Amino acid sequence: EKLPVIDGGFFAYTPIQASGLPVHISASFELEGNAVAWPRPREQDDDGGGNDGGAAPSALQELAVAWNRELSSCAVEVYLDLLRYLPDMVRDDVSLMYRVWPVSAHATPFASTLLKPLY
């Protein structure tokens, strides 16, 4: 019997956006309007801000990004714990373990940055 694909997403009390990962990531993400203040890749942080050609982000926007970066870092650690302990939890059906294994080709751009420590 083929099990349905798990279509994970990011949540901040309500769904925010799809992640492309086979797990849900639910946290108190800081939002900007109706979007998440996603952390920019670190290499973009060093260009003096304004990497989109616009004004540099405000201190509050930078704080929101830093908060979301920390939450994302915690999510990676929890995901690693899940992958580490799952084999002992699903001994009778190891196919369940592979259902929650991250596949970078399916991940959204931000979710793929979360996967870098896993690979």
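Me: Tyrosine 98 lies in helix 3 (residues 95–99). What makes a run of residues a helix?

Reply: Helices are DSSP runs of H or I with at least four residues, and strands are runs of E with at least two, numbered from the N terminus. The model is predicted: local features need pLDDT of at least 70, side-chain atom pairs count only at pLDDT 80 or more, and totals for chains, interfaces and linings use all residues. Residues are numbered from 1 along each chain as its sequence is written, and side-chain values use heavy atoms, with hydrogens and water left out.

Me: How many helices and strands does the protein have, and in what pattern?

Reply: There are four helices and five strands. Along the sequence they run β-β-β-β-β-α-α-α-α.

Me: Why is tyrosine 98 called exposed?

Reply: Exposed means over 50% relative accessible area, buried under 20%, and partly exposed in between (1.4 Å probe, protein chains only). Tyrosine 98 has 55% relative accessibility, so it counts as exposed. Tyrosine 119, in the segment after helix 4 (109–115), also counts as exposed because its relative accessibility is 55%.

Me: Which residues make the nonpolar surface patch?

Reply: Val94, Tyr98, Trp101 and Tyr119 make a patch of about 480 Å². Patch residues have over 30% relative accessible area and no salt bridge; nonpolar side chains (Val, Leu, Ile, Met, Phe, Trp, Tyr) are joined within 5 Å, like charges within 9 Å. Areas come from the Shrake-Rupley method with a 1.4 Å probe, and for residues only the protein chains shown count as cover.

Me: What makes aspartate 81 and arginine 84 a salt bridge?

Reply: A salt bridge needs a side-chain nitrogen of Lys or Arg within 4 Å of a carboxyl oxygen of Asp or Glu. In this pair the closest N and O atoms are 2.6 Å apart, so the pair meets the rule. Both residues lie in helix 2, three residues apart, about one turn of the helix.

Me: Why is aspartate 81 called partly exposed?

Reply: Its relative accessibility is 33%, so aspartate 81 falls in the partly exposed class. Arginine 84, at 49%, is therefore partly exposed too.

Me: How many salt bridges does the whole structure hold?

Reply: The search finds two. Arginine 91 and aspartate 88 also meet in one, at 3.8 Å from N to O. Arginine 91 and aspartate 88 are both exposed.

Me: What has the most contacts inside the largest nonpolar core?

Reply: That core has 21 residues, and those with the most contacts inside it are Phe10, Leu21, Val23, Ile25, Phe29, Tyr79 and Leu114. Helix 2 (59–89) and helix 4 each supply at least two residues of the core. Helix 2 gives the most, with six. A core is a set of buried Ala, Val, Leu, Ile, Met, Phe, Trp, Tyr and Cys residues joined through side-chain atoms within 4.5 Å.

Me: Which residues does leucine 114 touch?

Reply: Leaving aside residues up to four places away in sequence, leucine 114 touches Phe10, Ile25, Ser72 and Val76. A contact means heavy atoms within 4.5 Å.

Me: Where is the pLDDT below 50?

Reply: pLDDT is the predictor's confidence in each residue, from 0 to 100. The protein averages 77, and 80% of the residues score at least 70. Over residues 41–51 the pLDDT is below 50, and beyond near neighbours in sequence this stretch has nine contacts in the model. Where pLDDT is low, the predicted coordinates should not be read in detail.
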